[in-house]
Amino acid sequence: MFNIENPYRHYGCRVNDQVTWGGYKALILQNNLIQIVILVEKGSEIVQFLYKPFDIDFLWHSENELKPPSAFVPAGGNSATAFFDYWAGGWFEVLPNGGPGCNYRGAELGQFAETINIPWNYKILCDSPEEVRVALWVQAYRTPLRIKKTLTIRPNIAALFIEEEVENTGNECVDFMWGHHPVVGAPFLNDTCKIFAPNCRVEVGDAEDGPDHRMGLFQTGEWPFIKDRDGGLIDLRKIPGPASRSMDNCYLKEFEEGWIAIARPDVGFGLAWDPAVFQNIWIWQALGGGKGYPWFGRTYNIGIEPWTSYPCVGLEEACKRNTAMQLQPGECLNAWLTAVAFESEDEITSITRSGQIIIG
């Protein structure tokens with residue numbers, strides 16, 4: 001008469017939504033190669049991207065533990081602490097404010113607000129050994145933006161396929177910044193890692209992350225080279241160890257293909273996306289630097305982040321610099337993104353939407 005899915009199937013592609021992770025409702029998606037944990041009640045944040053053959057989680061985990069709001073109430077703070085107090089690392093998605101808190105048309109938007117910490121809705125669309133597909137969506141509460149996405153995994157490929165749509169549900173034109181903020185860290189990240197990216201321009205602005213930057217300020221260059229603060233050349237493909245005690249942000253733009261990868265000589269993690277939507281790559285290098293709050297020199301990680309807009313200045317400032325995107329009433333913007341784990345000792349020259357790693 002009808003099919004009954006087995007929620008406890010332990011083979012093939014599978015999804016488990018009967019999970020609490022750090023106090024949050026979570027989804028676990030897995031196949032024979034990867035396991036991915038998504039916090040449904042915390043911005044659909046991805047807190048684990050585990051590659052099973054190496055038993056390695058690429059994502060960075062901070063000194064902060066996951067703290068559900070019901071069990072942790074900060075004593076004080078501001079728009080930045082509302083984000084940092086609850087961020088335990090991983091990969092979050094941002095809409096509509098990329099960076100520090102700001103006021104947008106009377107709406108006070110906190111750091112990276114507003115979809116990062118709020119609960120999302122979800123529905124399991126397909127749960128079979130051949131494919132798992134999950135839908136997630138949320139309506140922003142201070143701006144009239146709705147975001148919907150599907151997450152898909154298939155057998156024998158270490159990739160997560162994401163298809164997304166942002167819609168303006170209001171009756172006014174709305175500006176926004178939209179980005180993915182995956183951050184990789186130890187034990188995967190070390191000084192044998194290299195960053196691979198398409199041919200593009202590199203831009204460095206002011207000292208966004210404090211005084212311990214190694215890159216020279218207010219400059220542009222051609223990937224992978226940029227000047228250091230003394231005028232020498234930095235090869236951005238090479239990753240210093242934590243002893244460098246530095247923290248920098250730079251921006252890649254004017255690329256024809258949307259992809260980036262970070263790899264050790266044995267294993268790596270990469271992203272591919274639609275470059276017509278995510279037209280910029282933010283590379284945040286927190287290499288043992290970051291003086292004072294919130295880092296105190298305790299973090300060693302790298303963010304490899306596709307964004308519609310730049311720099312990390314907040315929506316109000318992005319509007320002034322004409323880098324924010326706009327949606328008219330009822331208008332939608334669609335995008336795709338693929339995240340993949342891979343094994344390769346060679347130079348990565350591209351990543352396709354299907355998760356194929358191009359080398360040579």
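## Surroundings of Lys-149

Leaving aside residues up to four places away in sequence, Lys-149 touches Ser-44, Glu-93, Trp-120, Val-134, Ala-135, Leu-136, Ile-162, Glu-163 and Glu-164. The model described here is a predicted one. Lys-149 belongs to strand β11, which covers residues 145-153.

The relative accessible area of Lys-149 is 7%, and the residue is therefore classed as buried, the limit for that class being under 20%. Two polar contacts of its side chain can be described. One, of 2.8 Å, is made with the side chain of Ser-44. The other joins the side chains of Lys-149 and Glu-93 at 2.7 Å.

## The eight-stranded sheet

Strand β11 is part of an open sheet of eight strands, arranged in the order β9-β10-β11-β12-β26-β22-β21-β15 with antiparallel pairing.

In general, the strands of a sheet pair through backbone hydrogen bonds, in either a parallel or an antiparallel manner. Between β11 and strand β12 (residues 159-168), the antiparallel pairing extends over eight bridges. Within this pairing, Leu-151 has Ile-162 of β12 as its bridge partner.

Strand β3 comprises residues 34-39, and six of its six residues are buried, so the strand is largely enclosed by the rest of the structure. Both of its faces are covered. Ile-34, Ile-36 and Ile-38 lie on one side, while Gln-35, Val-37 and Leu-39 lie on the other, and all of them are buried.

Strand β2 (residues 24-30) runs antiparallel to β3 and is joined to it by five bridges. Leu-29 has Ile-36 of β3 as its bridge partner. The two strands β2 and β3 form a hairpin, with three residues between them.

Strand β3 also pairs with strand β4 (residues 45-51), in the antiparallel sense and over six bridges. Here the bridge partner of Ile-34 is Tyr-51 in β4. The hairpin of β3 and β4 has five residues between the strands, and in it Gly-43 takes a positive phi near 70 degrees.

## Aromatic pairs

The model contains 26 aromatic pairs. One of them is formed by Phe-83 and Phe-84, whose arrangement is edge-to-face, with 4.8 Å from centre to centre and 65 degrees between the planes. Both Phe-83 and Phe-84 are buried.

Another pair consists of Phe-255 and Trp-273: the ring centres are 6.3 Å apart and the planes stand at 85 degrees, so this pair is edge-to-face. It links distant parts of the chain, as the two residues are 18 residues apart. Phe-255 is in the loop between β20 (246-253) and β21 (258-263), whereas Trp-273 is in strand β22 (residues 268-273). Phe-255 is buried, with a relative accessible area of 9%, and Trp-273 is buried as well, with a value of 1%.

## Charged groups over rings

Arginine side chains are also placed over aromatic rings. The charged end of Arg-9 sits over the ring of Tyr-11, at 5.8 Å from the centre of that ring. Arg-154 lies over the face of Phe-161, and its distance from the ring centre is 5.1 Å.

Note on methods:
Residues are numbered from 1 along each chain as its sequence is written. This is a predicted model: local features need pLDDT of at least 70, side-chain atom pairs count only at pLDDT 80 or more; totals for chains, interfaces and linings use all residues. Side-chain values use heavy atoms; hydrogens and water are left out. Rings of Phe, Tyr and Trp (its six-membered ring) pair if their centres lie within 6.5 Å; planes under 30 degrees apart count as stacked, over 60 as edge-to-face and the rest as tilted. Buried means under 20% relative accessible area, exposed over 50%, partly exposed in between (1.4 Å probe, protein chains only). Helices (H or I, at least four residues) and strands (E, at least two) are DSSP runs, numbered from the N terminus. A charge sits over a ring if NZ of Lys or CZ of Arg is within 6 Å of the ring centre and within 35 degrees of the ring normal. A polar contact is a pair of N or O atoms within 3.5 Å; within protein, one must be able to donate a hydrogen and the other to accept it, and residues adjacent in sequence count only if both atoms are side-chain atoms. Contact means heavy atoms within 4.5 Å. Two strands pair if DSSP finds at least two bridges between them.
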